[in-house]
Amino acid sequence: MDLSWLTAVLLLIIFSLVLLILALLHVAYLTYAERKIIARMQQRLGPNRVGPRGLLQPIADVLKLIQKEDIVHPHVDRPLFAIAPLVSLVCAATGLSLIPLWDRFVLSNFNVGLLFILALSSLSAYGVILSGWASNSRYAFLGALRASAQVISYEIAMSLALLSIVLMAGSFNLQEIVKAQVASPFKINLIPQIVAFFVFMISAIAETNRVPFDLPEAETELVAGYFTEYSGIRFALFYLAEYYGMVVMSALAVTCFLGGYAGPFEVPGLPFFWFLLKLYVLLFFYIWVRATLPRYRYDQLMSLGWKILIPLALVNLFVTAFIKLMF
Amino acid sequence: MKLLEKILLIEIWKGLLLTLKKLLLDKPVTIQYPEKDKVIPAPGFRGRHALVRDPQSGDTLCIACMRCARVCPSQCIYIEYEIDAETKKRKVKRYDIEALRCVYCGYCEEVCPVNAVVLTEYFEYAGYSRDEVYFDKDRLLKNWDEFIATQKRPYLNPFWKPRGLPEKYLPVRKRNFTGV
């Protein structure tokens, strides 16, 4: 056997483990950060019991959720019921492997990486629809229908926004997109593509079912939407998928709009510095929005998606293409 | 101008700015009750029930007039008495308060002519069983001992004197009462 091939595989496995553990820690502490920040914004304290300043709260939550009784209603479609959260989670999490965290740390330098991430994030709608259908409950089913309609309509706006980035860079490869940004006069795509960034951020919030677009959950109307019938750790998997989605979407935004790991300048010894900094700023933005805005009504959500964001993204795409063609 | 405001999402940014200000400038107002912050109830707070112990006899002041049991809207006070053959005075045999049924209206302490029954300002008495909050006479006297030990003497509960009633209509003990 070729030894270099073996080392490559080993390296890949080590890299993926590192990425997985890092991402899981980020997701776990994202829940903590969210509770803490929103608490501060509402002048509460947030978690402060488990560990110093409540720092062990995510771990305690996981332990509790694992111990909880796993209730499966007798009328559910069992195999689909069990698969659905995993579909959501895998689709949300796989995207991270394509994001270039550093010019020497990217798990798969895929030449249609952006397309692949978009495909995966559309696939995560399947997890939602399957869970709603398999639960055999009308609340869950309604939630799933709403979620799928929402994900599909915002997916289009998001893809259109990202297409203008593809036009700017001339490539679907995320690594190439970062390099093209560094080579461009503004260093980041945010300045020429502010409209696309705006559309992308709003669509990303809707895509990950976060406030103010958390209509699939809608506790007041649907008792938690598509995961009504899920309990314990299965329910937690959906939440994990949501937070994973946030991380992936923010990472994608950093890569496509904010110059990725290649920030304004290199920081020696801290390879991920700029990437993580921008990622945290965007994640904070998600939490900030959640603490501020109330939930949309469903027709408002749909009309925002179809009547404003999609035309806006389309016009932006045409303008980008036109300018690209002229100069 | 209206259009520009709409396009630039001015109102949404204003809202976001408000929450950011709260995050950066304001302190949490949460009380961390058992560990850090101590809650002191206002004087006359109606908490755990007690029977005032007579400092002379060591027994309750209650004369078994039954007014408290009669006035109680949730009827959670049960009294049994016997009549002393020599003095012809009533003597309390049983005095129970079922605190789970009590609505803490304070009528019993208002109506009591000798200020024997009290809703103390003690509030930390949650229990694991119903029996723990079913107070019999001994328990009520013990409640009083526990409570009065924490108080600066003399202790005078404002609920002992019903408001809005002329002084002359009050029973003698009530009129003269200045505290324990």
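Predicted model: local features only at pLDDT ≥ 70, side-chain atom pairs only at ≥ 80, totals over all residues.
Begin by colouring residues 1–67 of chain A as domain 1 and residues 70–326 as domain 2. The C-alpha centres of domain 1 and domain 2 of chain A are 19 Å apart. At their contact, 19 residues come from domain 1 of chain A and 23 residues from domain 2 of chain A. Together these two domains of chain A bury about 2,000 Å², with carbon and sulfur atoms giving 84% of that area. Next, select A:Leu19, A:Leu30 and A:Glu34, the residues of domain 1 that lose the most area to domain 2 of chain A; they account together for 29% of what that side buries.

**A salt bridge between the domains**

Between domain 1 and domain 2 of chain A, the count is two salt bridges. The count of residue pairs in polar contact between these domains of chain A is five.

Now display helix H1 (3–41) and helix H2 (57–67) of chain A, each of which supplies at least two residues of the domain 1 side that touches domain 2. H1(A) provides the largest share of that side, 17 residues. By residue type, the side of domain 1 of chain A that touches domain 2 holds 15 nonpolar, three polar and one charged.

Move to the loop between helix H3 (78–94) and helix H4 (113–134) of chain A, where A:Ser97 is found. Is A:Ser97 buried or exposed? A:Ser97 counts as buried because its relative accessibility is 19%, and the cut-off for buried is under 20%. A polar atom of the A:Ser97 side chain lies 2.7 Å from the backbone oxygen of A:Thr94. Beyond its neighbours within four places in sequence, A:Ser97 is in contact with A:Leu19, A:Val106, A:Leu107 and A:Ser108.

**The boundary with chain B**

Finally, show chain B beside chain A. The two chains bury about 1,500 Å² between them, 68% of it on carbon and sulfur atoms. Select A:Arg49 and B:Glu35, which form a salt bridge with the closest N and O atoms 3.0 Å apart. One salt bridge is counted between chain A and chain B, and six residue pairs are in polar contact across this interface. On the chain A side, H1 and helix H10 (273–292) each give two or more residues, and H10(A) gives the largest share, six residues. The side of chain A that touches chain B divides into ten nonpolar, three polar and three charged residues.

Note on methods
Residues numbered from 1 in each chain as written. Chains lettered and ligands numbered in written order. Heavy atoms only, no water. Domains from an automatic or database assignment. Contact = heavy atoms within 4.5 Å. Buried area = accessible area lost by both parts, 1.4 Å probe. Salt bridge = Lys/Arg side-chain N within 4 Å of Asp/Glu carboxyl O. Polar contact = N/O pair within 3.5 Å; in protein donor to acceptor, adjacent residues only side chain to side chain. Helix = DSSP H or I, 4+ residues; strand = E, 2+ residues; numbered from the N terminus. Nonpolar A, V, L, I, M, F, W, Y, C, P; charged D, E, K, R; others polar. Buried < 20%, exposed > 50% of the residue type's maximum accessible area, 1.4 Å probe, protein only.
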